[in-house]
Amino acid sequence: MPEHGRTSERVRFGPFCLSTSERLLTRDGVPVEIGGRSFDLLAALVEQPGRVLSKRELLKRVWSDVVVEDGSLRFHMAGLRKLLGGGENGARYIATQVGVGYAFVAPVEAVSPSHAAAVPAAVAAPSRPAPTTINMPARLPHLIGRDTDLALLTQRIVGTPLFTIVGPAGVGKTTLAVEIAHRLGPEFGDQVTFVDFSQLEDPALVAQMIAGAMMIAVQSDDPLAVILGHIRDKKVLLLLDNCEHVIEPVSAIVERIVAAAPGARILATSREPMRIRGEHVHRLDALAYPEHPESLGREQLLSYPAIQLFCERALAGDSTLQLDEAAARLIAGMCRRLDGMALPIELTAVRAATHGIEATARLLGDRFSLGWHGHRTATPRQQTLQATLDWSYDLLSGVEQIVLARLAVFVGLFSIDAALDVVADERISADEVSAALDELASKSLVVPQRARGMGTYRLLEMTRAYAREKLLARGADEARATARRHASFYFREIDAAAAQDAEALHDLRALRQQLGNIRSALDWAFGPDGDARLAVLLAAASAPVFLNLSSLVECRTWCARALSIIQDEQRGTSMELELQASLGTALMFTRGNSQAAGAALSRALEVASTLDDSWNELRLLGRLHIFHERLGDYADAFGHAERAVRIATTIGEPEALGVAYSLSGISHHLAGDQTRARRELELSRKNSAPSQRERTIHYGFDHRNRATIALARALWLTGDADQALHMAKQAVHEAERLDHAVTRCIALVWSFSVHLWAGDVEEAERALAAFADCADTNALGPYIAATDGLRGELAVARGDAGAAVGLLEESLSRLRAARYELLTTPFSLALARGLIRDGRWPEAHDLLIAAIGRCETSGERILVPELLRAQAEITERADNSHDAAADVLRRAIALAHEQGAVAWERRSSLALAAL
């Protein structure tokens, strides 16, 4: 037995094998999940089989850093016995000597490294079914040397809000994290999302990128609020990869997620810890390698994970390589010089497949000086990676070096067409670029993305950073020319897609893949070395992309910057039209109905009219119609609707007529002409194709769906209650299918009114709950402000005046502050009814008189009959004047009859009869 009675670092007992160096316990070759304290207990007992270890010895050995009670020891010992299956089939491993301690009593057999290498765990591990996950990269067939890390993390992550895998570049953090996420997929109902921050250059967009990866539409200034709205009550796993260059914003966001979403679990990878409350850090070590390979044989050498990785990659590149004992010893020396770092090992192995093991070992010895000691900010770590890539770069031909340097301009994925267009110039032909790209891919400096389709590539993060330095070293002129070609390529790509196929810009997956390159191109074009004219072109072309991805803040930013530097010859063009239209839309939904939003939309309409672009005139009239409607400027909204009908009639296409009659029908509906509103809304639906998301995005909201829910209201008012309720449910269902938050909120808030008018309080409550959730989840400020008002209306319907008054007063105040007047009339009516029931008649009277005056002035007359009916109730109760109340009711009846509002007419007639 070795000194101090310790056994070999690998021992076998029964079906189990224990490796203390790897902190790994296997049963029949399969890793066993075992806690850290339990592993230390087992190791301590197995080191001295047959000897009784006192409780004091075990506590000192396993809990040297804390003071614990004997109960902790008994608890862990019971769990350890259960884990080992003591008693099954007569097996006995741990015996207790009462009052003294414990002893390991099973036969223990030392396992030599050569025997342990015979069936490596990485090779012997059974295949694992891959769960269906959200936005997750593929896992490797197997990991090498990470069984202990896997066992620990898969066990602890489920119960730990935040785990950060920390280590240097190239150590294998991402590979390990992806494998863990796949394994834990079923535990989280396959709600697993992968976010790769290596594609992000602007730290301000961290939350936007997380939302994009989770397929969450963001239509507000606060994407984090939207994310929290989606996951607050859900069990999800977020894998945040490559956090080091955006560590501060990521840390702040993660801290909020941990606090607000108790079911969320976050697994991050970074070169440095986040250093926030509740963080658990797992420092990922390098792969094990022999310190003194000269004394080991071939099989012993091949048992080390670093050498296994080298051999696997080298044999994949050249299946004829001979891995005899001499070669294994050379490989062991290289792995030792590489400090067991996974990425440098893989790069070196690929070169060994090309140049041979002896030549590679000789070159490695001449060129490399790897002195990293593990400090996260230490220069030696950077020198190590620099040396790795310097060596790889020096092995390239002159053309390959230029191609690699120019490829640094790409962020994330790029296609073969993009590489050919951006890299090639008068010095390097497209054929040379294609050949060089193949060589770079074979040498692992460019990574083909086979899972994403043919012809797509990316540079590893460290490779791209290195290549960027090489590009800058080639001179400012070459760097500028490459960036210009890059920006020009993506402008042409987006512009051509929009021109050739209206649906091309609505492929969310394809757009997200190229968002990093679009952002990078915009950054350069607007930068000090950029091109102002190209910047404006690119901003206009990319605006629909950002709108489609609900990146409204980015859209607003780029459009505003473009309009601030737009050149004279670019004014009055379709390009300015798109910039102004997109800016106005983004401002309206992120900052409310500001003057700037109205000015941008009006300017876009002016340009469309000057260009005689009827379709864009119609598109802009739709956006201006809802803008002025939300402001309470019903006369202006009416004017836009009438103009839209004239333009649509000239166009003569069903889609145009459908949009125009939607605007006109809604205007008549709000103005109180329900007969005409019903007719025009039915015409709109007749001329509109079934709702599709690309049209919804193009117009800013879905006109067919808005016409449908408006028609449901008009049907109820004109007496067709059953048909109205059916159509309201249909509109909500169609809005849900569109996955467009604004459209869904419009459908829900107006369906709420239909159900409330019909007296179906339960259905109205369901619509309100869905509306509140949608508004809160997507951080839609005006709709959030309206939620309390809707709750107040519901309280009034239930007779709870006390609760209603406060809710309605608060909501009205918030809506007016947001310049959102569309719901102030129904809320004022509900507030007046609440005040009446509370006996506050003078306040209710003044409120109704003011509301009626506003309606007559603005042209919003839909609720005037109901306002008059409420006024009659006050007149009767407060003034005790039946005649005066009857006169007010007769006015309400006459007005409702004039409007075709049968429902209002019946209500006032019943009230008059009651007098």
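Start by selecting helix H36 (781–797) and helix H38 (824–837), which are among the elements covering the buried residues of H37 (contact: heavy atoms within 4.5 Å; helices: DSSP runs of H or I, at least four residues, numbered from the N terminus). The model is predicted, with local features needing pLDDT of at least 70 and side-chain atom pairs pLDDT 80 or more, while totals for chains, interfaces and linings use all residues. Residues are numbered from 1 along each chain as its sequence is written, and side-chain values use heavy atoms, without hydrogens and water.

Next, select H37 itself, residues 801–817. Its 17 residues reach 24 Å from first C-alpha to last, close to the 24 Å expected at 1.5 Å a residue (1.5 Å times one less than the number of residues).

Colour Ala-801, Ala-804, Val-805, Leu-808, Ser-811, Leu-812 and Leu-815, the buried residues of H37 (under 20% relative accessible area; exposed is over 50%; 1.4 Å probe, protein chains only). Viewed down the axis, these buried residues fall within an arc of 150°, so they line one face of the helix (arc of the directions from axis to C-beta atoms). Gly-802 and Ala-817, on the other side, are exposed.

Step just past H37 to Arg-819, where phi is positive, about 55°.

Then show the lining of the second largest cavity, which includes Tyr-783, Tyr-820 and Leu-822 (a cavity is a set of points on a 1 Å grid over the protein atoms alone where a 1.4 Å probe fits but cannot get out; lining residues have an atom within 4 Å of a point). Helix H27 (614–631) and helix H34 (741–757) each give two or more residues to this lining.

How values were computed: On a 1 Å grid over the protein atoms alone, a cavity is a set of points where a 1.4 Å probe fits but cannot get out, and a pocket is an open set with protein on both sides within 12 Å along at least five of seven lines; lining residues have an atom within 4 Å of a point.
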